[in-house]
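Keep the sequence and the 3D view open while reading.

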Amino acid sequence: MLPAVLSGFAAALVASWLHRLERETAGWIIALLPAGLFLYFSGFIEIIAAGDTVAVSYAWVPTMGINLSFYADGLSLLFVLLISGIGTLVLIYSGGYLKGHPQLGRFYSFILIFMASMLGLVLADNAITLFVFWELTSLSSYLLIGFDHKREGARFAALQALLVTALGGLALLAGLLLLGQAGGSLELSVLLSRGELVRAHPLYTPILFLILAGAFTKSAQFPFHFWLPNAMEAPTPVSAYLHSATMVKAGVYLLARLHPILGGTDIWMYVVTGVGAATMLVGACLALRQTDLKRILAYSTVSALGILTLFLGLGTPAAIKAAVVFLLGHALYKGALFLVAGAVDHETGARDVDRLGGLRQAMPITAAAGGLAALSMAGLPPLFGFIGKEMLYEAAYGSLGAALPLTSAVVLASMIFVAVAGMTGFGPFTGKKTSTPKHPHEAVMSLWLGPMLLGLSGLLLGLLPASVGNSLLSPAIEAVSGQAGDLELTLWHGLNPTIALSAVTLAGGAGIYAGREALRRAASRLQMTSWWGPARWYSLLLDGLNVLARGQTRLLQSGYLRYYLLIIIATALGLAGPKLASLGGPPGLVSWQEVRFYEWSLAALILLAALVAIRSRSRLGAVAALGVVGYGVALVYVLFGAPDLAMTQFMVETLTVILFVLVFYHLPRFARLSSGLVRARDALVAVTAGALITTIILFSSNVQFHPKISGYFAEHSLPLAHGRNIVNVILVDFRGLDTLGEITVLAVAAVGVYALLKLRLREEKSK
Amino acid sequence: MTSLILSTTTRFLLPLLLMFSIFLLLRGHNEPGGGFVGGLLAAAAFALHAIAYSVGATRRLLIIDPRALIGAGLLIAVASGAAPLAAGLPFMTGQWWSPEVPALGKLQIGTPLLFDTGVYLVVLGVTLTIILSLAEE
Amino acid sequence: METVLAFVIGALYAAGLYMMLRRSIVKLIIGLAILGHAANLLIFTASGLTRARSPIIPEALSRPLAPFADPLPQALILTAIVIGFGVQAFALVLIHRAVQTGGTDDLDKMKATDT
């Protein structure tokens, strides 16, 4: 299973190259990969329908319980088949839609990266693995929304989507880690059986809210819904694939996946149901205000995501059944409608529903595909959408306590869905023919194949619902509800209340469709509401962050080295000073008498030389004094048992003096640039910092740090490393890797020096 | 600034200093010394030569560019670390042989010594690259 | 001796920092060099001093005779000395080039990135 998940990343590496080689057919060739994955994972259906799961695990960071582990159950499999199946169609479609685009190869790579990440996300067993793939989908979504990176709108939308989903992702990470602590494992398959433990844990509420923050941002739930319509800046295949069929459902997937662990509590029910209902209504109402094909679809997607969340929140067996069935139906028809919208846009150059009409004759196949998808969205029999909608009604109607408000809200959203279906899949193809920027004609095969197949599968599943119901959907429902249940999907339920509701929905939807222009006018009068909407908060927050960043940069990064130093010194003093003061006077100020005469002389020599170095007016004098300081330090090493250090220090000091002498010929004379007052201030600061260091040493010389480390080296130097000079053994054997790093740094410094000196000579010569 | 005394002294000192630097490198595992100080001493010897004669003369004496020494040193150090990989041991595990050499008795030769030789060459190359290019200014 | 060295190190820190706070770029580098010495001595002293017995295992023994100087800080300082040399050389050449290109050794006049 691991190669299957990762194959997309590998393919992304060669996709661009393949596109250069085979410009015309690259899309078809690359689509073979998701098609192959679809077939491969179809082989799992039988295993999983039998009640088994497929799992693999590779150790990643075993000490922290992080594994690269995957497992497939019914829920994963449903998503995997959607991802690979729709992925196949979208890749074929992209080849036609972006034909001739210079960066099409890169586009293929991004789509493949996304597909692989999404597969990893829905198959992940380990929570950290899930999080990594979760973030990868956010990143690939960023790249795809901003694909047309020369437009500011695209860049803005890409960044907005990234910021919203990545912030949610951070919350999710925190939530998953806490969940791992509460449940005692990071493997979801283990946690699934520990739901009661987690729900009784004191951290249950924070865990729930953190994870919901991740799921809600990803699945564009109110009030985080605003990024999704803006994401329509992406090329249409991306909108169809990421922003309706798969990625935005990652949040829903997470809710469904964790339902057996976190679900079923009151807080889960109220929060998830409430947010879902709000999203459903807000999305549906905002959809009516739009005239752009893609934005209408985007808002209706927000609404559909709200429906899914709402029913997962209810959590009754009927609600979960309805959510899973609706999820499949929605992915099929919404993907198809997006692809149809893209084809219409591609052929006519227009996306405004008011300017489109009568394309039936010019684009018959696209019209048929759009019609099929629209019928499914409107929930008409015998399409699969009808079954999904009926089940929603049944679950809402059967929910205890809030049946009436819930049912009416779902009916209202469904009415608007009927109208949206009419506006996007029906309206552009019927009525009077309008003039469009481009002369319309039927799209090429790669553009109609995808929507047609999706539309037809909606029809086929509607006619034969039991085929997919038993093998694919009931294992998925079992995975969400955590208990076995039987699913009987039938097209005809007999005459019951839901049929009546369906009829009401259809009539109401038709009414909304007929009066859509009046409604839109009325809604646009309410335009003023948008100034306090969440999008406004987003931009306020972003601006505020920029102001803060600029302010602190101006304050802390003045560009004057000495102010940086002053800030560093002040911080060190501020942090360490009070602590040291609280410890009382430093110990160890006593042992004066055991200091020998020559040691006193050496200390005096070093201090004197340092004083000369800072007071000297001549450069050479300062260098000479600096050399004396160095030799003095080397003598300290001699006196206190460090012959290696002493030798090295002597050599380095000699070479440093040579170096300084070579360079100082070329440097300007010492100048006194600061005023006396500034010098006094700096001297005060420097002396205070020096006093701090002295105090720290006086404290620390009485502390023994980890005696074991040095003891180990001394003990094992001869037996293990065959060396009597322990310092050298540490350097070349025990800590040899550090030394390797160090000589690499030296080499880099030499390359830098060489480049600074020699490259300029060549440049001057060329002048 | 060539002085006769300096250049004559240097002619005798240079081979002595170089030999001493190699001595320091070889004994470093058991006595004070090692690749760092050995390399620095050798570099100082060549720097003395450059001062006594000229940078050009030192470069002629060296034959190879000091930059090549940096690369060679790094390669030797990495290779000595990689050698145990062939035996299935982790990177930089010390490997030792004790061959019997007729005149010298039993010797201890190991990858840490090879590594130290790499350090020696890098330090020598780095220092010479810096000093010689600066002196050419 | 730790007590004496503590004051020496503090004085060296003060001297180095004072030089680094100057506007003349040449003084900055001298300050950097002094600070390097001070930091090495700080590590050396903080781990405790032992007179005259170096961490070398005598012939015929398998471990050094206690008390011996701590070898670990010595290994740290040895690399720090050599790295410090490399960094100093690089800084010197960089300043040399900066003065050549910018025509000033006043750090305050080097603020602009264009020359």
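How many helices and strands are there in chain B? Chain B has five helices and four strands. Helices (H or I, at least four residues) and strands (E, at least two) are DSSP runs, numbered from the N terminus. Along the sequence, the pattern of chain B reads α-α-α-α-β-β-β-β-α. Its C-alpha atoms fill a box of roughly 55 × 35 × 25 Å, taken along the principal axes.

## Ground rules

This is a predicted model, in which local features need pLDDT of at least 70 and side-chain atom pairs count only at pLDDT 80 or more, while totals for chains, interfaces and linings use all residues. Residues are numbered from 1 along each chain as its sequence is written, chains are lettered from A and ligands numbered from 1 in the order in which they are written, and side-chain values use heavy atoms, with hydrogens and water left out.

## Confidence

The predictor's confidence in each residue is its pLDDT, from 0 to 100. Chain A averages a pLDDT of 87, and 95% of its residues score at least 70. Chain C has a mean pLDDT of 85, with 95% of its residues at 70 or more. In chain C, helix α3 (residues 71-102) is lowest at a mean of 88, and helix α1 (residues 2-20) is highest at 92. Where pLDDT is low, the predicted coordinates should not be read in detail.

Axes are lines fitted to C-alpha atoms, for helices over the stretch in contact, and angles run from 0 to 180 degrees between N-to-C directions. The table gives the packing of each pair.

| Pair | Angle | Axis distance |
|---|---|---|
| α11(A) and α15(A) | about 160 degrees | 8 Å |
| α2(B) and α3(B) | about 135 degrees | 7 Å |
| α30(A) and α3(C) | roughly 60 degrees | within 9 Å |

Angles under 35 degrees count as roughly parallel, over 145 as roughly antiparallel, 65 to 115 as roughly perpendicular and the rest as oblique. A crossing is left-handed if the near helix is turned anticlockwise from the far one by less than a right angle, and right-handed if clockwise. Contact means heavy atoms within 4.5 Å. For residue classes, Ala, Val, Leu, Ile, Met, Phe, Trp, Tyr, Cys and Pro count as nonpolar, Asp, Glu, Lys and Arg as charged, and the others, Gly among them, as polar.

Take chain A first. Helix α11 covers residues 236-245 and helix α15 covers residues 317-348, and they pack at about 160 degrees. That angle makes α11(A) roughly antiparallel to α15(A). The crossing of α11(A) with α15(A) is right-handed. From α11(A), the contact includes A:T236, A:P237 and A:S244; from α15(A), it includes A:H330, A:K334 and A:F338. The contact residues are six nonpolar, six polar and one charged.

Now chain B. Helix α2 (residues 35-52) and helix α3 (residues 55-62) pack at about 135 degrees. α2(B) is therefore oblique to α3(B). The crossing of α2(B) and α3(B) is right-handed. B:F46, B:H49 and B:A50 in α2(B) touch B:V55, B:A57, B:T58, B:L61 and B:L62 in α3(B). Here the classes are six nonpolar, two polar and no charged.

The third pair joins two chains. α30(A) and α3(C) cross at roughly 60 degrees, and they are therefore oblique to each other. This crossing is right-handed. A:I726, A:V727, A:I730 and A:L731 of α30(A) meet C:P71, C:L72, C:Q74, C:A75, C:L78 and C:T79 of α3(C). Eight of these residues are nonpolar, two are polar and none is charged.

## Where chains A and C meet

In total, 84 residues of chain C contact 94 residues of chain A. The two chains bury about 8200 Å² between them, and carbon and sulfur atoms give 75% of that. Buried area is the accessible area (1.4 Å probe) that two parts lose on being put together, summed over both. On the chain C side, C:M1, C:L21 and C:R51 lose the most area to chain A, together 9% of what that side buries.

## Backbone details in chain A

Which bond joins A:F222 and A:P223? A cis peptide bond does, with omega about 5 degrees. A:P223 sits in the loop between α9 and α10 (227-230). The bond from A:P381 to A:P382 is also cis, with omega near 10 degrees. A:H722 has a positive phi, near 55 degrees, and is not a glycine. A:H722 belongs to the loop between α29 (707-721) and α30 (726-734).
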